[in-house]
Amino acid sequence: MFRAICSTVQSRDPSPVPLKPLPSAAAAMPPAGSLTADQLSFFDANGYLVLESFSSAEEVQAMRDRMSELVEGYDGDNSSVFSTKDHRQLKDDYFFKSAENISFFFEEKAFGDDGCLRQPKELSINKVGHALHEHDPVFKKFAFSENVSSLFSSLGYKRPAVIQSMYIFKQPGIGGEVVPHQDNTFLYTEPLSCTGLWLALQDATITNGCLWAIPGSHKNGLQRRMIRDENGTHFDRPSPLYDQKEFVPLEVKSGDFVVIHGDLVHQSFENHSPVSRHALSLHVVDMEGCKWSKDNWIQRTTAPEPLYAS
């Protein structure tokens, strides 16, 4: 079911999991039509779309259970911290290599002054990424599902590929802020082709750090890029200043799915509540007719597997 949300509402290497690519052949392009004309019109006008009950409770629980297993198996002896405010970690080889494996990143506020975790590791991790969709069968099953593929067929993609996947915890009390940004800033193709997907694995509310977006902001174009070079990463220009009054909250239930245009300005605030806000985030680009930039932070050693080929 489709729901339009009205604008009136408002470190170092911790030994990533050893991996082997999961075999899979590119599927044929599915029939178009998973999105209705009204849904496509809303997405074109607003830059986002909420699909209610996209995943069943059983699918959601399977992903949460699998992540619990991955976290349990992670020794956590060393750490890398993720922040959208401080990009020093983007000079870290561990972060760059995470593009093709399953790596773990802690919250900024997870550690005390003594360098030790303030709480158990399962309540300290910011996210796990960035290739869950390639190397874990539970997350790959979702990423390569017919429902996801059909969505991109409706959007006109010819050879879509998931370029990164992240399990985001938004931990209670310490879940970090994600500052206003556009996904094309980090995942640039010529022409632009990135679409973000955000699956709620728990209810996401204003209280526990739901997404916020500026409806229609995708029509203003891409404002800046993050560039990777021999010195790490940097932005090619300062971040624009956004009026917080223009953002609307995208509160969703567990199993709901948010589709995000690559130029849509969106953010989320810190989670000061006692309840976590788990979500799975995928970013997809078109591999046909679009060129992946050589100065994106993700520089793969192998080409990503497409969801389908037209």
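Visitor: Which side chain has a polar atom 2.8 Å from the backbone oxygen of F142?
Guide: That is S145. Keep in mind that this is a predicted model.

Visitor: Where is S145 placed?
Guide: S145 is in the loop between α5 and α6 (146-154).

Visitor: Buried or exposed, that S145?
Guide: Buried, at 17% relative accessibility. The cut-off for buried is under 20%.

Visitor: And F142, where does that one sit?
Guide: F142 is in helix α5 (residues 137-143). F142 is buried too, with a relative accessible area of 7%.

Visitor: Let's switch to rings. How many aromatic pairs are there?
Guide: The count comes to 16. One of them is F54 with F257, and that pair is stacked. The centres are 4.1 Å apart, with 20 degrees between the planes.

Visitor: Where do F54 and F257 come from in the chain?
Guide: From distant parts, 203 residues apart. F54 lies in the loop between β3 (48-51) and α2 (57-73). F257 belongs to strand β14 (residues 257-261).

Visitor: How buried are they? Start with F54.
Guide: F54 has 17% relative accessibility, which counts as buried. F257 is buried with a relative accessible area of 0%.

Visitor: What is the geometry between F142 and F257?
Guide: Edge-to-face. The planes make 90 degrees, and the centres are 5.8 Å apart. This pair also links distant parts of the chain: helix α5 holds F142, strand β14 holds F257, and 115 residues separate them.

Visitor: Which residues form an aromatic cluster?
Guide: Y74, F104, F106 and F111 form one.

Visitor: Back to β14. What stands opposite F257 there?
Guide: L51 does. The strands β3 and β14 run antiparallel, and four bridges join them.

Visitor: Which way do the side chains of β3 point?
Guide: Y48 and V50 point one way, L49 and L51 the other. All of these are buried.

Visitor: Now α1. Which residues are buried in it?
Guide: Helix α1 covers residues 37-46, and its buried residues are Q39, F42, F43 and N46.

Visitor: Why do they line one face of the helix?
Guide: Look down the axis of α1. Its buried residues fall within an arc of 100 degrees, so they line one face.

Visitor: What does the face turned away from the buried side carry?
Guide: The exposed residues A37 and D44 are on that face of α1.

Visitor: What happens just after α1?
Guide: G47 takes a positive phi there, about 85 degrees.

Visitor: New topic: arginines over rings. What lies over the face of Y188?
Guide: R225, at 4.0 Å from the ring centre. Elsewhere, R224 lies over the face of F235, at 3.7 Å from the ring centre.

Visitor: Tell me about Y188. Where does it lie?
Guide: Y188 lies in the loop between β7 and β8. Y188 counts as buried, at 17% relative accessibility.

Visitor: What does Y188 touch?
Guide: Leaving out residues up to four places away in sequence, Y188 touches L222, R225, K291, W292, S293 and N296.

Visitor: How far apart are Y188 and M226?
Guide: C-alpha to C-alpha, 8.8 Å in space. In sequence they are 38 residues apart.

Visitor: And N184, where is that?
Guide: N184 lies in the loop between β7 (178-181) and β8 (189-190). N184 is buried, with a relative accessible area of 2%.

Visitor: What does the side chain of N184 reach?
Guide: The backbone nitrogen of C194, at 3.5 Å.

Visitor: Which residues does N184 touch?
Guide: Not counting residues up to four places away in sequence, N184 touches L192, S193, C194, L222, G262 and D263. L222 is among the contacts of Y188 as well.

Visitor: Last one. Where does V248 lie?
Guide: In strand β13 (residues 248-250). V248 is buried, with a relative accessible area of 1%.

Visitor: How far is V248 from I214?
Guide: They are 34 residues apart in sequence. In space, C-alpha to C-alpha, V248 and I214 are 6.3 Å apart.

Note on methods
Residues are numbered from 1 along each chain as its sequence is written. This is a predicted model: local features need pLDDT of at least 70, side-chain atom pairs count only at pLDDT 80 or more; totals for chains, interfaces and linings use all residues. Side-chain values use heavy atoms; hydrogens and water are left out. Helices (H or I, at least four residues) and strands (E, at least two) are DSSP runs, numbered from the N terminus. Buried means under 20% relative accessible area, exposed over 50%, partly exposed in between (1.4 Å probe, protein chains only). A polar contact is a pair of N or O atoms within 3.5 Å; within protein, one must be able to donate a hydrogen and the other to accept it, and residues adjacent in sequence count only if both atoms are side-chain atoms. Contact means heavy atoms within 4.5 Å. Rings of Phe, Tyr and Trp (its six-membered ring) pair if their centres lie within 6.5 Å; planes under 30 degrees apart count as stacked, over 60 as edge-to-face and the rest as tilted. A charge sits over a ring if NZ of Lys or CZ of Arg is within 6 Å of the ring centre and within 35 degrees of the ring normal. The arc is that of the directions from the helix axis to the C-beta atoms. Two strands pair if DSSP finds at least two bridges between them.
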